Amino acid sequence: MNRMKHLFIIVITIVITFTVCTIAAMYTPPDFGHSVTMITNNGGISRHPVLLGLNEAEYVLFASGTVKAPYKGSVKVVLEGDPKIEHKIYSRYPPSLNLGIHKFHEFGNDTIKNIYPWEKYALVVYIKPKNKIDKAANYNLRFYDLESGNTVLSIPIKFNELDNFNISKKDRRPYSKAHDSKTISPRKKDTISINKSLHKVSCCEE
Amino acid sequence: MKLSVQTKRYLIIVLGIIIFLPPISLIPSFFGSVSICGAPFCMRMLFSTEGFIAMSKVLFVGLFMLIVIFTISFFAGRFFCSYVCPIGGITELGSKIAPKKLKINYSWISAPAVRYSYLAAFIILPVLGVGSICCSYCNFSIISSLFGSVTSPASRILLITFGGMVNLAMIILLGFLAAGGRAYCNFLCPIGAIDGIFNWLGSKIKKFKRIRIDKTNCGSCGQCIEACPVWAIEKAEDNSMKINQISCITCKICIKKCPAKAISYRKG
């Protein structure tokens, strides 16, 4: 009897843990988004748009990634969209106490200076809008090559009502694409009609 | 002055914190990063599909570290978890400072059941397209940010998000306020979960040293049960003590606690 009770408790624990994990995995926080990206010569790679909720006092976007060869240069980072929103961009590099073991790129005036192939970057964009964003809006965190003005990376940011638990399974799989894929799988539940050209990160206005 | 085993262990943990965590983060500096979070040696990301893709360019570093950790665990015990891991170490050290009144005892929960269903969810959910619990709920990421926040505004900002607050709460409840300070490691560390399997497999080979109980000397006083930070010791039906090698982290706290000197680190 004791053995049966013990087994029952273990089964219940497993079921509860798996359920909690599933709910946690499905949940998208409304004030934070992380985009794993890659800077390339032909427009960059960002596998999915960053989805942020409405009416938050502040938002944080974490963009990290690698520079793909042969690109090298300095990159200006601009948050584009209408209306303009108050934001500040921080670099996570270099460490506070730089021991000089590794060469870290400089960051200043929203520009990552002198980055070389296969180097990494990690930016934190802190968005604190004066007026709360209360309706759907599309923004873009665009990385321009300082010399040529070409887009080397573009991360779509979509502010919208987040319907966390009704997103279809297929749309929750942005990472199933190959690393070099330039398509972004948007969520079906998103009410914004997404311009097809936005899905291609390599698209650019210039 | 002769230092006790536990004092030495805590000193090594402090060294691990200096080496791995910001603002000094000596080892991450070698790889051009400020923290272990998201760096090439993030071994947790390797278990999830998106992580595997994202880290594919630098996979060898994380894989190499995993192989080293699991090999040590197989042959000698979980020395990475108990001696080196700066994250488990910091919560264990932190829990020593926390007042006893506030301590939460989680030993009534079946840790292996939680740990291995968490590991299964960690690996399976991204594959099924449900989402990922890889980075969003990671104690490595939050402790890195916590340490980094002393000097880096970027780290401070990462802490103020909803996810940051949830993670912080988890670190406090399952780390600093947990009896033994290792509840997070025991429940929610995927590396620890796999490491535990290697430790258990190695313990089956009698030539390999492990924490073992000499039943003839054991007085079944239960002091080791109370002292174990990962609740790896339990009373068997015949009233003798039994070490659950899948949970044991080879910290050797029980050896010091045992009044009958029945516990030792030895061959089987």
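Me: Are Arg182(B) and Glu92(B) buried or exposed, and by what rule?

Reply: Arg182(B) is buried, and Glu92(B) is too. Buried means under 20% relative accessible area, exposed means over 50%, and partly exposed lies in between (1.4 Å probe, protein chains only). The model is predicted, so local features need pLDDT of at least 70 and side-chain atom pairs pLDDT 80 or more, while totals for chains, interfaces and linings use all residues. Residues are numbered from 1 along each chain as its sequence is written, chains are lettered from A and ligands numbered from 1 in the order written, and side-chain values use heavy atoms, without hydrogens and water.

Me: What makes Arg182(B) and Glu92(B) a salt bridge?

Reply: The rule asks for a side-chain nitrogen of Lys or Arg within 4 Å of a carboxyl oxygen of Asp or Glu. Here the N to O distance is 2.9 Å, and the pair qualifies. The partners come from distant parts of the chain, 90 residues apart. Arg182(B) sits in the loop between α10 (162–176) and α11 of chain B. Glu92(B) sits in helix α6 (residues 86–97) of chain B. Helices (H or I, at least four residues) and strands (E, at least two) are DSSP runs, numbered from the N terminus. Arg9(B) joins Glu92(B) and Arg182(B) in a network of salt bridges.

Me: How many salt bridges are there over all chains?

Reply: The search of the whole structure finds 6.

Me: What makes Lys128(A) and Glu58(A) a salt bridge?

Reply: Their side chains meet at 3.9 Å, N to O, and that passes the distance rule. Lys128(A) lies in the loop between β9 (120–127) and β10 (137–145) of chain A. Glu58(A) lies in the loop between β3 (50–52) and β4 (59–67) of chain A, and the two are 70 residues apart.

Me: Why are Lys128(A) and Glu58(A) called partly exposed?

Reply: Lys128(A) has a relative accessible area of 46%. Glu58(A) has 24%.

Me: Why is Arg142(A) counted as buried?

Reply: Its relative accessibility is 1%, so Arg142(A) falls under the buried cut-off.

Me: How many residues of domain 1 of chain B and domain 2 of chain B are in contact?

Reply: Contact means heavy atoms within 4.5 Å. Domain 1 of chain B gives 32 residues, and domain 2 of chain B gives 18. The count of salt bridges between these domains is 0. Polar contacts link 14 residue pairs, both residues at pLDDT 80 or more. A polar contact is a pair of N or O atoms within 3.5 Å; within protein, one must be able to donate a hydrogen and the other to accept it, and residues adjacent in sequence count only if both atoms are side-chain atoms.

Me: How much area is buried between chain A and chain B?

Reply: About 3,800 Å², 72% of it on carbon and sulfur atoms. In chain A, Phe18(A), Arg92(A) and Ile101(A) lose the most area to chain B, together 17% of what that side buries. Buried area is the accessible area (1.4 Å probe) that two parts lose on being put together, summed over both. The contact takes 42 residues from chain A and 43 from chain B.

Me: How many salt bridges and polar contacts does the rule find across the interface of chain A and chain B?

Reply: It finds 0 salt bridges. It finds 2 residue pairs in polar contact, both residues at pLDDT 80 or more.
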